[in-house]
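Subject: Handover of the model

Hello,

Here is the structure I said I would pass on. My notes on it follow below.

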Amino acid sequence: MKIIEELASEVVFDDSPQNGRFRSFREMLMNYYLNTEYYRTPLKVRQDQWIFFGLVRCRAWMIIPIAVVIQFCLGSLYAWSIFNKPIDRHIYNNPEANRAQITFYIALGMLGAAGAIFGPWIESHSPRMCAILAACVFFSGHCTAALGLACKEIGMLYFGYGFIGGVGLGIGYVATIDAVIKWYPSSRGFASGLAVSGFGSGAVAFSNINAALLRRFTVPQAFAILGTINLVIMLMCAMLMRPPPPGHNLPGVAIEMMDQSVTDINYLQHQTVQQTIKGKSTTIGGQTITVGSNSGDPVLIIPLSQALSSIDFWLLWVAFFVNLVFGVVIISNLASMSTNMFGTDMPAPVTTIVTIEGVFNAGGRLIMGWVSDWTGRRRTFLFVISLQIIIVACLIVIIPQRMFWSYVVLVWLATLCYGGGVGVIAATLADMFGAPNMSACHGVMLTGWSVAAIGGGLTYTGIVSYLTGSAGYTLKDPYVYVFNQYWIIALLVVGWVTLVMIRVTPRDRMFPRVRGQI
């Protein structure tokens, strides 16, 4: 093998057998995150090639619409701002109580936490099983929330939709993207961006669906009906989810092509990959990795533990977190913020503003994911964060002037950037650390979403509460919203610098640093 011949002086093989017994919780946890391979019997492999009771052969193009529809249902979360005032009015008889919006932050927080916890499990199980579990848990969250609203208990709403529903969101979100990434190894950015565009599109439809439900039913009834709709649709799609056949995907990072984006590699070249030393580990440049080889290009297979301990993974986490903060804050508060500043006689209805925002969110995921296949992941990410910095700087100037259309267009563009970061991150992780690690890495990466949702959302709410309480401002004062832009733009600058420091190629990350290297 070429890689072994070149690095023979640095390579040490470890053939020590694995102990099947775990002496501590720490060892069990390490084993859970290290052993993520999905094992299938030959019979199961043959069964997975067919859908509709064995009548139709499963093709790659069929997985995309299935994933988009599941993500679409999960994306109903993004229309949450429609519920804020009705819920506050229902429970507190005060539409300005500002308690309902905390549910959104909890749900997004649990989305990331569930992704991190269930990521290895998702990687080692069938995408159909994962999607079914996600549908059932998400439905349970709606039912618990409906019960809490019927009892007028805000805590049950937080626990139901926020905690339980958030877990369902995390499982379904990671599982569908993982399946799509593995079906499209040569177009990861476009495929994952198209899949997660369904999540952003959820706000487009559900902002109107939620408003229609609230006009016809009580708030608890609206939640029960919404949960039932999502359950039926998600279960129908889950039954059609299938993993790709063995050998369809590149099992790691191609060593001889590591100066290119992995997406430049035609996956057809790697369909016959045979790992001749599977199970043996090596030490290269101070890091333990597994080396695979095929008849053409050798393959570097990075264990999950090495991926998660990489400084580049956590630098990427910081950049991803920063990209999300502004979008999370704006999406959850757009309806109330626009109404407070411009009143009910705005030039456009608030439902229309939220709907178009959802279009930009979905469009950003699709467009930036597709662009990253051609320009590279980091270049695309840098463009997204750079544009966010410019937008926030403009908002600081425009909001005090109460320029409605300028404000709305800038918010829509910021939402496009928010969606763009989400659309690129999955493909970036697959390129940097290998598709077999994508689910677990993506799950841990989504904790950045959790921190952005809970930390950013509560920071925004705390500042607004302070300014409208102790400082004497009202919710109609533009300064309340301008003040929040200062800490957001500072975070964006930090994220931009962090992104520049990330080493994106395997050669930079796997081999020892040279003098002067960042």
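Helices here are DSSP runs of H or I with at least four residues, strands are runs of E with at least two, and both are numbered from the N terminus. Residues are numbered from 1 along each chain as its sequence is written, and side-chain values use heavy atoms, with hydrogens and water left out. The model is predicted, so local features need pLDDT of at least 70 and side-chain atom pairs count only at pLDDT 80 or more, while totals for chains, interfaces and linings use all residues.

Salt bridges

Side chains of opposite charge can pair when their charged atoms come close. With a salt bridge taken as a side-chain nitrogen of Lys or Arg within 4 Å of a carboxyl oxygen of Asp or Glu, the count is five.

Helix 8 (residues 154–183) holds both Asp178 and Lys182, four residues apart, about one turn of the helix. These two form a salt bridge, with 3.5 Å between the closest N and O atoms. Asp178 and Lys182 are both buried (under 20% relative accessible area; exposed is over 50%, partly exposed in between, with a 1.4 Å probe and protein chains only).

Arg377 and Asp373 form another salt bridge, at 2.9 Å from N to O. Both residues are buried, Arg377 at 7% relative accessibility and Asp373 at 12%. Within it, the Lys44 to Asp48 bridge is 3.6 Å, N to O, and Asp48 is buried at 4% relative accessible area.

Helix 6 and helix 16

The axes of helix 6 (residues 101–123) and helix 16 (residues 438–445) come within 7 Å and cross at roughly 170°. Axes are lines fitted to C-alpha atoms over the stretch in contact, and angles run from 0 to 180 degrees between N-to-C directions. The pair is therefore roughly antiparallel (over 145 degrees; under 35 is roughly parallel, 65 to 115 roughly perpendicular, and the rest oblique).

Contact means heavy atoms within 4.5 Å. Among the residues that meet are Gly112, Gly115 and Ala116 in helix 6, and Ala440 and Gly443 in helix 16. The contact residues divide into six nonpolar, five polar and one charged (Ala, Val, Leu, Ile, Met, Phe, Trp, Tyr, Cys and Pro count as nonpolar, Asp, Glu, Lys and Arg as charged, and the others, Gly among them, as polar).

Cysteines

The whole structure has zero disulfides, a disulfide being a pair of cysteine sulfur atoms within 2.5 Å. The closest cysteine sulfur to that of Cys237 is in Cys73, 6.7 Å away and too far for a bond. Cys237 is buried at 13% relative accessible area, whereas Cys151 is partly exposed at 44%.

Regards
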